[in-house]
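I opened this notebook to record what I looked up in one protein model.

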Amino acid sequence: MEIPCSRDSTREKQMEEESRLKPSPIPSALDLQSPDQKLDAGALFVLESKGSWVHCGYHLTTAIVGPALLSLPIALASLGWVWGVLWLIIEALVTFYSYNLLSLVLEHHAKQGLRLLRFREMAEHILGPRWGRFYVGPIQFAVCYGAAVGCTLLGGQCMKSIYLLSTPNGSIKLYEFIIISGLMTLILAQIPSFHTLRHINLVSLILALAFSACATAGAIHIGISSKALHKDYSISSDGVNRLFGVSSAIAIIATAYGNGIVPEIQATLAPPVKGKMFKGLCICYTVVIVTFFSVGISGYWAFGNQAAGIILSNFLIGGKPLLPKWFLMMTYVFTLLQVLAVGVIYLQPLNEVLEGKFADPKREKFSTRNVVPRLVFRSLAVVTATAIAAMLPFFGDINAVIGAFGIMPLDFILPMIFYNMTFKPSKRSLLFWGNTIIAVIFSVLAVIAAVSTVRQIALDAKTYRLFANV
């Protein structure tokens, strides 16, 4: 009778040992909450961790390859050929590097037992609660909401351009098209979670390649045709004006490469997340290199220092198209559809906060209790963004402000600080000093760019008019 008992005891010990050795899943910030804490509805309903590295690539591409790249030719016009192309390369390398640093920091904390899901959560954990609450959080929301405003505005401008191509003497004003663009964004904004945007963002990736190819082909066609303008690549300003022009140009390029939601995108990945973000970034930056350099270089080559704030504006002179109407309309349609996807992806951090404040995590995601506040508050956010876009329809200035005040700190400075504070590389190492030098240089550039963008807005204020039909 003792032998079976001995066998049972041995089997139990083996099972306990196997259970001890078996790796446990990495908990998220939500998993580590105590039972008496309120469940995190934002993580449950918006930041679903179900995606693959391919889906991550789609999200990253939509967040980076957006309407801001259409402003690259005017940035090159302020920098010239050598410095313009050089800054395109520098900021591509720095952002790819900094996004990888953010990913490594997130992976490190996940291995330690805490999966951070939000940018402000990273800042609170690494720098302290005040940094996350009063600095990183507000800056990130300003960037994301500013991007939503800019996308709504650009969507309206695309619609107006399509309308004027078909009806040259049409009387519909820009703000009316911005309202229509806002209504389209409002519908897409009701998509419940970040993960469910993956199919839309795949289409967005294809559309980004399409409108960039059209913009590049259009610029080259005009540049070699008899309709080509005299190409002047000289930098007209000098002294203080040139300094401010250069800093604004660097801010515009930074905005184009900017993201600001890398932690939230990584939060959509199903665990384990190790190495997935790097693969997603490789997808993204393949598209980035193709689109950014083709549009920026071809647009500057074709129009020189007469490049407009949005290169598509150079395809029309006095309302008359320099390209076939069907080609222009196709380009604007591609841009419009892609812009809508970009606007929605930048609303996700705000959606996550709204869900956390007003949703009940103990109820189903699609219960009446959760659907009604989701519909009300997301709609209110989009309506407000649409009103701002209609009142201040000046995309170029919005672009520069976002870059100077938001993108540079989030994407060029904080990742270096987070990495050095988390991994504590030797102060004698190249890694430590490389990160420190990048952070210092872009801190100085951010301050100069912030001053120059405010100065430019003050100069442009003379021509600003609410609900302007530009």
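**Entry 1: overall make-up.** I note at the outset that the model is predicted. I counted 16 helices and 2 strands in the protein. Of its 470 residues, 53% count as buried.

**Entry 2: nonpolar cores.** I asked which residues have the most contacts inside the largest nonpolar core. They are L70, Y257, F292 and F418, in a core of 111 residues. Helix α4 (residues 72-111) contributes the largest share of this core, 14 residues.

Entry 3: I checked the span of α11 (residues 276-303), a helix of 28 residues. The distance from its first C-alpha to its last is 40 Å, close to the 40 Å expected at 1.5 Å a residue. After α11 comes G304, which has a positive phi, near 60°. I repeated the check on α16 (residues 430-460): its 31 residues should span 45 Å at 1.5 Å a residue, and the end C-alpha atoms are 44 Å apart, so the two values agree. I listed the buried residues of α16 as F432, N435, I438, A439, F442, L445, A446, A449, A450, S452 and T453.

**Entry 4: salt bridges.** I found 9 salt bridges in the structure. In one, R118 pairs with E121, with the closest N and O atoms 2.6 Å apart; R118 and E121 are both buried. R118 also forms a salt bridge with E352, at 2.7 Å from N to O. This pair links distant parts of the chain, 234 residues apart: R118 lies in the loop between α4 and α5, and E352 in helix α13 (residues 348-358).

Where does the partner of E352 at 2.9 Å, R120, lie? I placed R120 in helix α5, 232 residues from E352. Both R120 and E352 are buried. Through shared partners, salt bridges join D40, R118, R120, E121 and E352 into one network.

Note on methods. Residues are numbered from 1 along each chain as its sequence is written. This is a predicted model: local features need pLDDT of at least 70, side-chain atom pairs count only at pLDDT 80 or more; totals for chains, interfaces and linings use all residues. Side-chain values use heavy atoms; hydrogens and water are left out. A nonpolar core is a set of buried Ala, Val, Leu, Ile, Met, Phe, Trp, Tyr and Cys residues joined through side-chain atoms within 4.5 Å. Buried means under 20% relative accessible area, exposed over 50%, partly exposed in between (1.4 Å probe, protein chains only). Helices (H or I, at least four residues) and strands (E, at least two) are DSSP runs, numbered from the N terminus. The expected span of a helix is 1.5 Å times one less than its number of residues. A salt bridge is a side-chain nitrogen of Lys or Arg within 4 Å of a carboxyl oxygen of Asp or Glu.
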